[in-house]
Amino acid sequence: MLATLFASLHEWLIAPFDYGFMRRAMVAGLALSLAAPPMGVFLVLRGMSLIGDAMAHAILPGVALGFLLAGFSLPAMSLGGVLSGLLVAVLAGSVSQMSGQREDAAMASFFLISLAAGVMIISLGGSSVDLTHVLFGSILAVNSTALLLIAAISSLIVVTLAVIFRALVVECLDPLFLRGQGVRGSLVHGVFLGLVVLNLTAGFQTLGTLMAVGLMMLPATAARFWSKRLEGLIGVAIALAMVASTGGLLLSYHLSIPSGPAIILLAGVGYILSALFGRHHSLTARLRRRAAPLGAPEPH
Amino acid sequence: MPEPQPARLALHDLQLAQGHRTVLQHVDGQFADGAITALVGANGAGKSTLIQGITGTLKPVAGRIACTIPKSRRAWLPQQLALDLSFPMSVEELIMIGTWPSHGALKGYCAAHYRRGREIMARLGISHLAHRPLGELSGGQRQRALIGRTLMQEAELLLLDEPFANVDAETVEVLIEVLRDMADAGATLLVVLHDMEQLTRLADEVVVLAGGHAHWTTAAAFREMSAAELIELTSPLKLPGVAAC
């Protein structure tokens, strides 16, 4: 009985990873799951949840140009993506500074232009299959070069985030204080946006430009239902992303469904379950609302 | 009589404007070290504008602000808090940010600094709130936590814009005591105040802003002023040597 259970568990959870492409896909997913959710947590806390989406569109024309010039070369497409993403971020930032318009308005304008330009470039030079690949990715086609690139970018993001962490926290909370200490808030903000672009570029190969945002935002928004502390939010978000990316891969393997949407949908299920059953502000938390009696010790 | 030591914060023929509208001009004077100066004046007289000028967020149109206190030791508590209180951070974490001048963005906090943080919280009567998120604090508790950060920062210049608004009476008592101690330790404090009783208890000097000009006086002299004198002082037409606006 127990043996059959173990056997079927093995068949479901372990055996698929006998294949090289599944192992590479899993490692790529785990690397992305380490780097993307912390970005998402900060985006949510800064009230910029939709900026990730905008940036995802912004990298598209660069990816498309890279594809046109160098064919299906991941480094060329990634470089193009990073450059066009940064260009849009800088343009949106300077337009909003010059015109006094809110940054999100400028960002919205530029990402629509980028999306149209990207789709136009791909259709001029490629087929609709290529377009599908860039838009939706294919994690099962990750080769060693792609894996190295994803791991390198993810590491760079985690290390840079660690370096700017305190500055970023203070910049979110009290920009005036940071300014008083001689740190330019716009610099911290710029580096952070740069990391978001890098992250999306690392994600597009596996999940596609559009769905790379999912691994960034869904775990972060779900984590809000579980923790009230920054470390907690980041920890929960990373854990959720890891479960979603590995679980999504397994589902895609067993049910023969596309991997990218499977991963993001699983993260989406995580979000909905969190909204229903999470510890804070969820539906059940609201129904079961209790307060500690007066004089009870502070929970830490 | 020996020449008094020049103060670390002085204004020289300062002109400040909001957009194209001049709010203050020909402001000359200095803020004594180790003294608490109250800024008073009607709404729109330029109290917040002057604070913005001193913090450097508003560039002077003319004249200059001479301040020899290092930037990292200046602290500003604005009236409408720029604090995002939904940000998940505890009181203790907020106070520890005050170590920035010595720790910057990277250096880890050591036990001695945590101990100092706990002492500050005890001094302000917020030890029991150490782990509470900022979003769950009352106005008074929040103000105590923010003053705690300036204590950790060892601020030598403290600009407070109506620090006692939306704050309970007990907090006012604690803060008055703490601010007085900071001044006694040599810090320069500028406080925008409306309440005469608080002014009497807190301020050493008073700067009255009216008609686009600033008038320096001592707190004692300010208290002695009759209503008529106050009106005369705050009327731009009657100020000696000042042209009508």
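# A tour of chains A and B

Start at His281(A), in the loop between α12 (259-277) and α13 (283-287) of chain A. Helices (H or I, at least four residues) and strands (E, at least two) are DSSP runs, numbered from the N terminus. His281(A) is not a glycine, yet its phi is positive, about 60 degrees. His281(A) counts as partly exposed because it has 13 C-beta neighbours inside 10 Å. The cut-offs: buried means 20 or more other C-beta atoms within 10 Å of a residue's own, exposed means 12 or fewer, and partly exposed lies in between, with C-beta atoms placed from the backbone.

This is a predicted model: local features need pLDDT of at least 70, side-chain atom pairs count only at pLDDT 80 or more, and totals for chains, interfaces and linings use all residues. Residues are numbered from 1 along each chain as its sequence is written, and chains are lettered from A and ligands numbered from 1 in the order in which they are written.

**Next, select α8(A).** This helix has 30 residues. From first C-alpha to last it reaches 41 Å, close to the 44 Å expected at 1.5 Å a residue; the expected span is 1.5 Å times one less than the number of residues. Look for the bend of about 60 degrees at Ile164(A). That bend is the angle between axes fitted to the seven residues ending there and the seven starting there. Buried residues of α8(A) include Ile150(A), Ile153(A), Ser154(A) and Ile157(A). Further along, Arg166(A) and Glu171(A) are also among the buried residues. Their cover includes α2 (20-45), α9, α10 (185-223) and α11 of chain A, together with α2 (91-97) of chain B.

**Now show both chains.** The contact takes 21 residues from chain A and 21 residues from chain B. Contact here means C-beta atoms, placed from the backbone, within 7 Å. Which element of chain A gives the most to the side that touches chain B? α8(A) does, with seven residues. That side of chain A divides into twelve nonpolar, four polar and five charged residues. Ala, Val, Leu, Ile, Met, Phe, Trp, Tyr, Cys and Pro count as nonpolar, Asp, Glu, Lys and Arg as charged, and the others, Gly among them, as polar.

**Select Gly40(A), in helix α2 of chain A.** Is it buried or exposed? Gly40(A) is buried, because 28 C-beta neighbours lie inside 10 Å. Leaving aside neighbours within four places in sequence, Gly40(A) touches Gly52(A), Met216(A), Met217(A), Pro219(A), Ala220(A) and Ala237(A).

**Move to α4(A), residues 60-70.** Eight of its eleven residues are buried. Among them are Leu60(A), Pro61(A), Val63(A) and Phe67(A). Just after α4(A), Gly71(A) takes a positive phi of about 70 degrees.

**Switch to chain B.** Select Val178(B), in helix α6 (residues 169-184). Val178(B) is partly exposed because it has 18 other C-beta atoms within 10 Å. Not counting residues up to four places away in sequence, Val178(B) touches Arg123(B), Leu124(B) and Ile147(B). Val178(B) and Leu124(B) are 54 residues apart along the chain, with C-alpha atoms separated by 7.9 Å.

**Finish at Asp13(B), in strand β1 (residues 9-18) of chain B.** Its phi is near 45 degrees, a positive value in a residue other than glycine. Asp13(B) counts as exposed because it has 12 C-beta neighbours inside 10 Å.

Key
Two residues are in contact if their C-beta atoms, placed from the backbone, lie within 7 Å.
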